[in-house]
Amino acid sequence: MSISHPTDLPPVVTPADLTDRWRLIAADLLPSSETATDLWVQVLDADGRQRPPFVVVEEVPVLPDRSFADNLAGVLTHLLEEETAGIGTVAFAVVRDAPAGVHAADLSWSAELTAAAAREGVRVLGVHLLVGDELTRIS
């Protein structure tokens, strides 16, 4: 199913809604590489409506870097100000190739992203892992 316009989709207000949205997005997008780790970011307004832009950071390192996460959180602060008057949330998906299952690096990404967001005052609805067609909520 192709997403015609994300803002026309139902709002994302619960963790289950977020999982459903990532499934929809994953069916519509393919990771940029079969071997690299990507990071997908959704910006949601106060009503849970997806706002532009949908951010794809290609080929992030296997393990997170605090300065990268802090810089990303700073960019997201500005996006939230522009798109939601600062009252929205973000959601992350770590997208990588096999092996399946949640690994220590995935947990590190989740922890680093949520910590950086917290330092900037950015609210995070959740962090998911997408490996092939397996989607797992990490936090």
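Predicted model: local features only at pLDDT ≥ 70, side-chain atom pairs only at ≥ 80, totals over all residues.
Trp 22, Trp 40 and Phe 54 form one aromatic cluster.

**Aromatic pairs**

The count of aromatic pairs comes to four. Two of them are set out here.

| Pair | Centre to centre | Angle between planes | Arrangement |
|---|---|---|---|
| Trp 40 and Phe 54 | 6.0 Å | 65° | edge-to-face |
| Phe 68 and Trp 109 | 5.8 Å | 90° | edge-to-face |

Trp 40 belongs to strand S1 and Phe 54 to strand S2, 14 residues apart, and their pair links distant parts of the chain. Trp 40 has a relative accessible area of 2%, so this residue counts as buried. Phe 54, at 26% relative accessibility, is partly exposed.

The other pair ties together parts that are 41 residues apart in sequence, because Phe 68 lies in helix H2 and Trp 109 in helix H3. Phe 68 is partly exposed, with 25% relative accessibility, while Trp 109 is buried at 2%.

**Helix H2**

Helix H2 spans residues 66-84, which is 19 residues. From its first C-alpha to its last it reaches 26 Å, close to the expected 27 Å. Its buried residues are Ala 69, Leu 72, Ala 73, Gly 74, Leu 76, Leu 79, Leu 80 and Thr 84.

What covers these buried residues? Just after H2, Ala 85 takes a positive phi of about 55°.

Technical notes. Residues numbered from 1 in each chain as written. Heavy atoms only, no water. Helix = DSSP H or I, 4+ residues; strand = E, 2+ residues; numbered from the N terminus. Expected span 1.5 Å × (residues − 1). Buried < 20%, exposed > 50% of the residue type's maximum accessible area, 1.4 Å probe, protein only. Phe/Tyr/Trp six-rings, centres within 6.5 Å; stacked < 30°, edge-to-face > 60°.
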